[in-house]
Amino acid sequence: MTAFPLRVGGLSWQVRLRGTVLTLAGLLLLGLLMALNMRLGDIDMSLAEVVRATFDPADAGHFVVMELRLPRALTGALVGGALALSGAIIQSIARNPLASPEILGVTTGASVAVVAGVVLSGSAYGGASGLFSAVGIPALALLGGLVGAVTVYALAWRRGLDGYRLVLVGIGVAAVFTNVKYWLLTVGDVNDTGRAMVWISGSLNGRGWEHVVPVALALAVLVPLTLLGTRSLAALRFGDDTVTALGVRMNLSRALMIFAAVLLAAVATASAGPIAFVALAAPQIALRLARCPQPPLLSSAVIGAVLTAGADLIARTAFSPLELPVGIVTAVLGAPYLIHLIWRARK
Amino acid sequence: MRLQAAGVTLGYGERTVVENLDLGVHSGTVTTIIGPNGCGKSTLLRALGRLLKPQGGEVLLDGKRIDRMPTREVAKVLGVLPQAPTAPEGLTVADLVARGRHPHQTWYRQWSSDDEAAVGRALDMTGLADLAERPLDELSGGQRQRAWISMALAQGTDLLLLDEPTTFLDLAHQVEVLELVRQLHREASRTIVMVLHDLNLAARYADRLVAMREGQVVAAGDPHDVLTEDLLREVFDLDAKVIPDPVAGTPLVVPIGPRSRP
């Protein structure tokens with residue numbers, strides 16, 4: 001790993017060449033995908049038309065770009081970034097490359113809450129539409145995600161938090177939540193369960209600015225805070241005794257980082273549903289491309305955004321006019337690439 | 001007195017391992033704790049290194065209660081090498097040793113020239129400079145143990161606690177690691193506390209031996225005074241002859257067999 005020091009007076013930083021290049025290249029690719037997401041759709045527009053439509057409220061394409069495509073594309077990129085960052089943190093803390101927010105009960109908790117909300121409110125009350133769809137579902141998802149995380153955390157706590165125990169308890173709780181979800185889907189009305197199914201696949205369909213803002217705010221606050229915790233996170237990957245010996249306040253650091261990961265995943269899931277695989281694959285892709293010992297936080301987030309933005313482009317346009325939930329595409333795209341990386345690393 | 005356990009009671013949950021124990025570690029000495037399996041010697045070392053919170057009593061570092069000091073400040077003067085430490089997969093020797101600088105770093109001082117110098121010195125002292133870029137998983141047991149000691153050295157503390165630093169090593173590597181410990185002690189008069197299983201090596205490399213049984217200190221002092229035939233019978237249930245080590249002159253244990261029951 002090539003890293004060189006950057007020193008100014010008493011201040012010093014470590015610049016990792018590959019990680020920096022990876023982050024910049026990822027941002028470039030993200031910009032490209034965003035531009036494509038603006039251009040392509042039911043009506044294909046040229047880049048010049050997109051620019052004109054963006055800045056001219058009287059333009060025919062203004063509504064399409066500013067109210068449909070841009071918020072949707074932004075939601076996708078931000079949600080992907082948040083999920084990947086959450087995954088990178090959890091994988092470091094659990095010391096397990098296969099850990100993801102699902103392990104912390106966030107996504108499964110959110111799914112149960114939303115399915116319950118959609119199914120139990122029922123078509124009799126007008127179903128999941130209007131205000132309920134715009135505010136109620138994200139709120140339920142956020143609440144369910146946090147309740148799920150607290151459940152796992154409380155059950156896994158025993159005079160401290162052990163990564164292995166956390167993963168096992170997480171798998172158990174996820175299984176319970178998943179089955180409650182299936183039970184709700186079986187007892188629910190067919191139309192309601194159909195709507196719920198789209199949500200639990202992870203979809204960016206019809207996402208507006210109200211979905212962009214919460215994720216953007218969460219990222220604006222949590223990205224700098226988690227970056228400050230990068231060094232503690234690197235230490236937390238060691239055995240418990242070594243962590244303490246290095247002067248890290250282990251339980252506090254761990255709790256804070258898990259809290260940040262839970263918030264990121266919960267807010268992302270509230271906006272777009274449980275998009276599969278991004279939180280799992282993006283940190284591992286970033287780690288292998290950057291060739292560093294732990295998932296790099298910033299590069300992971302950028303890769304997650306690229307993965308989700310690219311997946312949504314495919315989900316929207318590949319089978320037009322049929323549109324797939326983005327979560328299905330991320331799973332189809334992410335899984336083989338992850339398998340390829342692991343296979344190559346084994347050789 | 002650098003480090004002191006004052007009436008400590010130690011255990012895990014309901015199980016008490018050590019009860020009301022007193023032990024002082026003098027500045028600039030090598031203290032080695034010996035005792036049969038399960039006697040609480042590792043537990044005591046973990047408490048001295050604030051890895052385990054005492055259920056009663058207190059541990060004092062330079063006269064101050066260690067549990068009331070910020071753990072990062074403790075890490076600047078006290079290094080601990082836990083028993084069988086685990087590192088993340090794929091880590092290189094240089095990565096591992098650099099991690100020892102953690103207590104000296106902040107987000108705006110991530111890699112100072114002090115850090116670089118300390119890591120270089122630690123690698124040189126442990127003879128690992130040529131292996132710095134090798135992944136830890138590819139090293140032999142002895143090299144890996146030296147890498148961990150190197151990490152503790154990079155931490156730049158003059159007080160080092162080593163929990164069975166020679167476990168899983170063959171005799172040549174055990175001697176190699178202990179020679180390194182002796183060198184660390186002599187060059188900068190570091191204070192070292194370690195737990196060892198091999199009584200003969202313990203006697204050879206310690207200024208002071210502490211023999212423990214069932215959570216209590218049975219004897220403590222110069223190896224010549226501690227490692228006697230009576231003590232071996234009392235502490236280890238072992239009938240043995242103790243003769244002078246023909247090389248170092250320290251006590252050498254030659255076992256006869258398990259203690260004959262009267």
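**View 1. The open sheet of chain B.** Four strands of chain B form an open sheet in the order β2-β1-β4-β5, with antiparallel pairing. Strands here are DSSP runs of E with at least two residues, helices are runs of H or I with at least four, and both are numbered from the N terminus; two strands pair if DSSP finds at least two bridges between them. At the edges stand β2 (15-25) and β5 (64-65) of chain B, each with a single partner strand, so one side of each lacks a neighbour in the sheet. This is a predicted model, in which local features need pLDDT of at least 70, side-chain atom pairs count only at pLDDT 80 or more, and totals for chains, interfaces and linings use all residues. Residues are numbered from 1 along each chain as its sequence is written, while chains are lettered from A and ligands numbered from 1 in the order in which they are written.

**View 2. Two strands side by side.** Look for strand β1 (residues 3-12) of chain B, which is joined by five bridges to the antiparallel strand β4 (residues 56-61) of chain B. Here B:Thr9 sits opposite B:Gly56 in β4(B).

**View 3. Where the chains meet.** In this view, 22 residues of chain A are in contact with 27 residues of chain B (contact: C-beta atoms, placed from the backbone, within 7 Å). On the side of chain A that touches chain B, β2 (11-16), α9 (230-236) and α10 (240-245) of chain A each supply at least two residues.

**View 4. Chain A.** Chain A holds 14 helices and two strands. Its C-alpha atoms fill a box of roughly 60 × 50 × 40 Å, taken along the principal axes.

Conventions: Two residues are in contact if their C-beta atoms, placed from the backbone, lie within 7 Å.
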